[in-house]
Amino acid sequence: MSSGVAARRDAKKLVRSPSGLRMVPEHRAFGSPFGLEEPQWVPDKECSRCMQCDAKFDFITRKHHCRRCGKCFCDRCCSQKVPLRRMCFVDPVRQCTECALVSHRETEFYDKQLKVLLSGATFLVTFGNSEKSETMVCRLSNNQRCLILDGDSHCEIEIAHVCTVQILTEGFTAGEKDIHIYTCLLGSQPASEAGSTRATGMFLQYTVPGAEGTTQLKLMAGEDANGSRRQAAAWLAAMHKATRLLYESRDQ
């Protein structure tokens, strides 16, 4: 990809919405797959009471809209201002109690896991049914739209084309090593983690524009003694968290 095309894809602009200032992609098609659209606000005329505590609105009890869900609340039930990076808000915005809890949890992804995904990690990568593996660095692109794999060859996979993610983990139960696979079909509820485990690899199924069926990709952490295996495990754990956010985005 040329630097000019990459620059256009990463270009952003500042826009003002009823909810506040947002720094959004200049071209909507290049938005982050983790992003959420702003909700439609419940019209004032349709809301005479708080949708949480049922307090009646009047000159003293004013109504406020949650910027995440769009519902109408009193100040007591919608007083928190919390970062909402999935909607690209520049500043923290007013949210109801329930939405604020969700946004707080997502802040950890943006502050920690996303940085891990952008930094990348080294894996043994197998494409399709090939018996040969290639050592490659896998990372998330800066605009969060692609997985980029670099080694002797180069590959880019659009996140929007990924349909299945399987995280291979290992753990210890009753003194023995167990191997587990957690699967997430992007369009169904993702699996939950169980017990104390460590991610060791990942299977991806994705579609290729113009091609029939799906393509499979396998990433496995190496067995070396340096920090790359630990870094790969952290990257896989971050990818598992990202998969959950992708499910939520597609479920909106």
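Which residues is Ser 133 in contact with, leaving aside its neighbours within four places in sequence? I found Leu 124, Val 125 and Thr 126, where contact means heavy atoms within 4.5 Å.

I note that this is a predicted model, in which local features need pLDDT of at least 70, side-chain atom pairs count only at pLDDT 80 or more, and totals for chains, interfaces and linings use all residues. Residues are numbered from 1 along each chain as its sequence is written, and side-chain values use heavy atoms, with hydrogens and water left out.

I placed Ser 133 in the loop between β7 (121-127) and β8 (134-140); strands are DSSP runs (E, at least two residues) and helices likewise (H or I, at least four), numbered from the N terminus. Its relative accessibility is 47%, so Ser 133 counts as partly exposed (buried is under 20%, exposed over 50%, partly exposed in between; 1.4 Å probe, protein chains only).

I then turned to salt bridges (a side-chain nitrogen of Lys or Arg within 4 Å of a carboxyl oxygen of Asp or Glu). The count comes to five. Glu 106 pairs with Arg 68, the closest N and O atoms being 2.8 Å apart. Glu 106 lies in helix α2 (residues 97-119) and Arg 68 in the loop between β3 (63-65) and β4 (72-74), so the pair ties together parts 38 residues apart in sequence.

I also found a salt bridge from Arg 86 to Glu 106, again with 2.8 Å between the closest N and O atoms. Arg 86 is buried at 1% relative accessibility, and Glu 106 is buried at 5%. I logged Arg 68, Arg 86 and Glu 106 as linked in a network of salt bridges.
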